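Subject: Structure handover

Hello,

Here is the structure you are taking over. Please open it beside this message, as my notes follow below.

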Amino acid sequence: MFVKNAWYVGAWSDEIGDSGMLARTLLGEPVLFYRTADGTLAALQDRCCHRGLPLSHGRVQGDCVTCGYHGLTFNRTGACVNVPGQERIPPAAKVPSYLVRESDGMVWIWMGDASQADDALIVSHSFAGNAEWTFLKDRYLVNANYQLITDNLMDLTHVGYVHNRTIGGTPQAHSEAESKTSVTSNGVRVERWMMDSVPPPSYCAVHKFHTPRIDRWMEIDFFAPSIVRIHTGAMDTNTGAREGQRNDALLFWGFNAQTPETETTTHYFWSGARSHVPGRSIGEQRLDSLRITFAEDKEIVEAQQASLDLQPEPLVMIASDAGMMGARRRVAMMLKAEAVSWIQPVVPSKLDEVKA
Ligand code: FES
Ligand SMILES: [Fe+2]
């Protein structure tokens, strides 16, 4: 079961060409993204209401999509506007349409009640395409429930164990990091500090630290139900990071959108950006290790899903689960709110009136 009244990332913008179509299963529903004649994005259920062929087998014509089987044509609202060979269009001839927005190089989709959609809830990722930042992105199809990916991101004590080849550092330093979890207006925030810690290999490869140990910080923001934004940084130890000094810091911003495909598969849109270091070209500031880093997480959560499929219970909680539990609680609240909103008021039947 998924939260419907929320913005999800459906695609990177450049996955859908100027006149192209993109078919993708989201929240268990087949979705067709396409661009209309003026380049505006539209999204319809990818299922023709005539005989069920995916509309992605058809083609875009102006603002409409024509089914590739018998030629029914649908506009961007999903209304059928032409049935070849007959003038009458059956009233039921329509397909569901979805709200879409493009922002910061991403395509966002709202698959629930359109009257509740609020653009202010779209999470910003403003450094995408910003020349001040070196930027890398991709999408992995992960064979695991989307919440297992959120769990992974909300508890970074895993970094010392899963990512010791890349962004890790020592497991002990991660486990002993000062950590504070708080509830925000639409999610959860975890702040972590790793003072006077050993710099991980990937940090040393891209940044010149002047002390053998560094101070690291991580700000992890969960925006329910599916976005995790992580702002991290590192500086020479004892040079004022805690007091807000950021000169000559290595800054890294991560953006993660885990959009359910099904209950056990997820479109994991990830991206990472690093501030430029003066005097070094973008080419020297390699972000390649990110692909390895996110593949390491993919391997872990897929193995976890397979294990939980065999035996979901029991599981034991530990202190570092606070962020993960807060995020899950928030999603559960949203699901509950949607379930309640579907309960219709009971209208007394005629029989009840007679009995009364
Ligand atoms: S299945 Fe689409 S027109 Fe027949
Ligand atoms: Fe990770």
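R213 sits in the loop that links α4 (201–206) and β14 (214–223); helices (H or I, at least four residues) and strands (E, at least two) are DSSP runs, numbered from the N terminus. This is a predicted model, in which local features need pLDDT of at least 70 and side-chain atom pairs count only at pLDDT 80 or more, while totals for chains, interfaces and linings use all residues. Residues are numbered from 1 along each chain as its sequence is written, chains are lettered from A and ligands numbered from 1 in the order in which they are written, and side-chain values use heavy atoms, with hydrogens and water left out.

To stay with R213: its relative accessible area is 36%, so R213 is partly exposed (buried means under 20% relative accessible area, exposed over 50%, partly exposed in between, with a 1.4 Å probe and protein chains only). Leaving aside neighbours within four places in sequence, R213 is in contact with D196, S197, V198, P199, D236 and T237; contact means heavy atoms within 4.5 Å. From C-alpha to C-alpha, R213 and V198 are 5.0 Å apart, and in sequence they are 15 residues apart.

H231 belongs to strand β15 (residues 227–236). Is H231 buried or exposed? H231 is buried, because its relative accessible area is 19%.

Now the whole protein. The protein has seven helices and 17 strands, and its C-alpha trace spans about 80 × 60 × 40 Å along the principal axes. Of the 356 residues, 47% are buried. Among contacts between residues at least 6 apart in sequence, 59% join residues at least 24 apart.

The largest nonpolar core has 49 residues. Such a core is a set of buried Ala, Val, Leu, Ile, Met, Phe, Trp, Tyr and Cys residues joined through side-chain atoms within 4.5 Å. The residues with the most contacts inside this core are V31, F33, I109, M154, F222 and Y268. Helix α1 gives the most to this core, with five residues. Apart from neighbours within four places in sequence, M154 is in contact with V188, V190, I220, F222, V228, G323, M324 and A327. A second, separate core of 14 residues includes V65, F74, C80 and V83.

Last, the helix packing. The axes of α1 (residues 146–154) and α5 (residues 289–310) come within 10 Å and cross at roughly 125 degrees; axes are lines fitted to C-alpha atoms, for helices over the stretch in contact, and angles run from 0 to 180 degrees between N-to-C directions. That angle makes α1 oblique to α5 (under 35 degrees counts as roughly parallel, over 145 as roughly antiparallel, 65 to 115 as roughly perpendicular and the rest as oblique). On the α1 side the contact is made by L148, I149 and N152, and on the α5 side by D297, V301, Q304, Q305 and L308.

Helix α1 also packs with α6 (residues 322–341), at an angle of about 145 degrees and with the axes 8 Å apart. Here Y146, Q147, L148, T150, D151 and M154 of α1 meet G323, M324, A327, R328 and V331 of α6.

Regards
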